[in-house]
Amino acid sequence: MNYSVKKIGQILNATTQIDSKIVTGVSFDSRKVKSGDLFVALVAENDGHDYVQQALTKGATAVLVDDRHQIDSKIPAIIVSDTLLALQQLGEYRRHQINPKVVAITGSNGKTTTKDMASAIMGSQYKTFKTPENFNNEIGVPLTLLTMPDDTEVLVVELGMDRPGQLTTLSELVSQDIAIITMIGEAHIEFFKTRENIAKAKLEITKGLKSQGTLLVPYDEPLLTNAQVKQNVQTFGQDIKDINSSSSKTIFTYQNTRFAIPLLGRYNIMNALAAISAGILLHIELKNAAEALQHFDLTKNRTEQLTTSHGVNLISDVYNSNPTAVAAVLATLKIIPATHKYVVLGDMLELGEQAASLHACLAETVINANVDGVYLVGPLMNKYLYPILQRRFDSAHLHQYETDQLAELIKDLQTLGENGDVILLKASHGIHLENVVNALVK
């Protein structure tokens, strides 16, 4: 990014002052501003206009502000009616200026892992940029567009969703060539009420999908395979052969090519096949895709494999959670070779009026996982799942904690297990089990 204040004003049809300054980056957090950044004063829980001076002190070249706030005439500024909308418009402009091929990914689970896999695959033959961390909302997506390098040939972008209409906005921003829906689960069912409504909202990703573009959906999800969309639809996930799992990787054959991914679980095979299918559409050779997937950068806390100081293997999947995701990761835990296995389950959030039944229904899945100990965290797990599990586990093997008792949980887990044993941690991000993971691997 290398725009003058004047150029940004022209792009946004906005008023500018001291417009000779050059902007080389963008930030909306005054604490993270770097020299050359455009500081975007967003109005949310905190009003970014209150931090303009702090951003300038940190090195911001200019500020993007709204016309309802007075700004000193000596400050380089772009003045608009809505700073969030302006940020999105600026991101959209850069997307079309650089004009990479765009792969957009959404889904109830697996979108970040699929993003990481797709980026690795595309990067084997193209200059590729991907969504940083979890920058997948109305702020993060335009920031992704504005921070991608000038020579980007393929952009792999993650699109999040928690309400109707959100994916329409995001997909129209990125104007993708390929859209992937990883799966339909129960995430955000509090707001959408049914999986059918969730599927309908996920299909908004086609609003920005180019008319000649392709939508990739799992072969075994009729809510998606039977959807009526204008663009080409292809399925992924079928015709897999020779699946083998070890404690550190999953191996499978697809189109006569052997793949080995450093992740566990059939659900991660589905994520890999979504990414591979996108690669095929962009003419990536399967041998290059297979090599790329052997070692790729995985975003933190997505089925991450770690080891404690005394040799216990941790499977950390603590960024989000819903019944489908819990069932999938417990099925994986069941087939991992280990002398002893333990599971830590935190509350699944945003399930609304179905929270009671959806937490209770995990009982059979937990019991079938054949674990040696269960550690439940949060009021929902304790109220709805714990009483059912009490019928199958005694007090030595079934434990419960409130969300403010993570220190006690850490203490109990630090001495749990021996070299080669496995502890799985799964929860919604709001439970903050990442703090437990960090403590265990210190």
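The legends below describe close-up views of a predicted model. Residues are numbered from 1 along each chain as its sequence is written. Local features need pLDDT of at least 70 and side-chain atom pairs count only at pLDDT 80 or more, while totals for chains, interfaces and linings use all residues; side-chain values use heavy atoms, without hydrogens and water.

**View 1. The second largest pocket holds about 370 Å³ of space.** A pocket is an open set of points on a 1 Å grid over the protein atoms alone, where a 1.4 Å probe fits, with protein on both sides within 12 Å along at least five of seven lines. Grid points are joined across faces, edges and corners, and the volume is the space filled by probe spheres set on the points. Of the 14 lining residues, Val26, Ser27, Lys34, Phe135 and Leu143 are the closest to the centre; a lining residue has an atom within 4 Å of a point. Strand E4 (25-27) and helix H5 (140-147) each give two or more residues to this lining, and E4 gives the most, with 3. Helices (H or I, at least four residues) and strands (E, at least two) are DSSP runs, numbered from the N terminus.

**View 2. Strand E5 (residues 37-40) is covered on both faces.** Asp37 and Phe39 on one side, and Leu38 and Val40 on the other, are all buried, that is, under 20% relative accessible area with a 1.4 Å probe, protein chains only. In a regular strand the side chains alternate between the two faces of the sheet. E5 runs parallel to E4, with 3 bridges, and Ser27 stands opposite Phe39. Strands pair if DSSP finds at least two bridges between them. Another 3 bridges join E5 to strand E6 (residues 62-66), also parallel, where Val63 is the bridge partner of Phe39.

**View 3. Strands E15 and E16 form a hairpin.** There are 2 residues between the strands, and Gln255 in the turn has a positive phi of about 50°. E15 (residues 250-254) and E16 (residues 257-261) run antiparallel, joined by 5 bridges; Ile251 has Ala260 as its bridge partner. Strand E14 (residues 240-245) pairs with E15 in the antiparallel sense over 4 bridges. In E15, 4 of the 5 residues are buried.

**View 4. Helix H15 (residues 379-389) has buried residues on the same side.** These are Met381, Asn382, Leu385, Tyr386 and Leu389.

Definitions and conventions. Buried < 20%, exposed > 50% of the residue type's maximum accessible area, 1.4 Å probe, protein only. Arc of directions from axis to C-beta.
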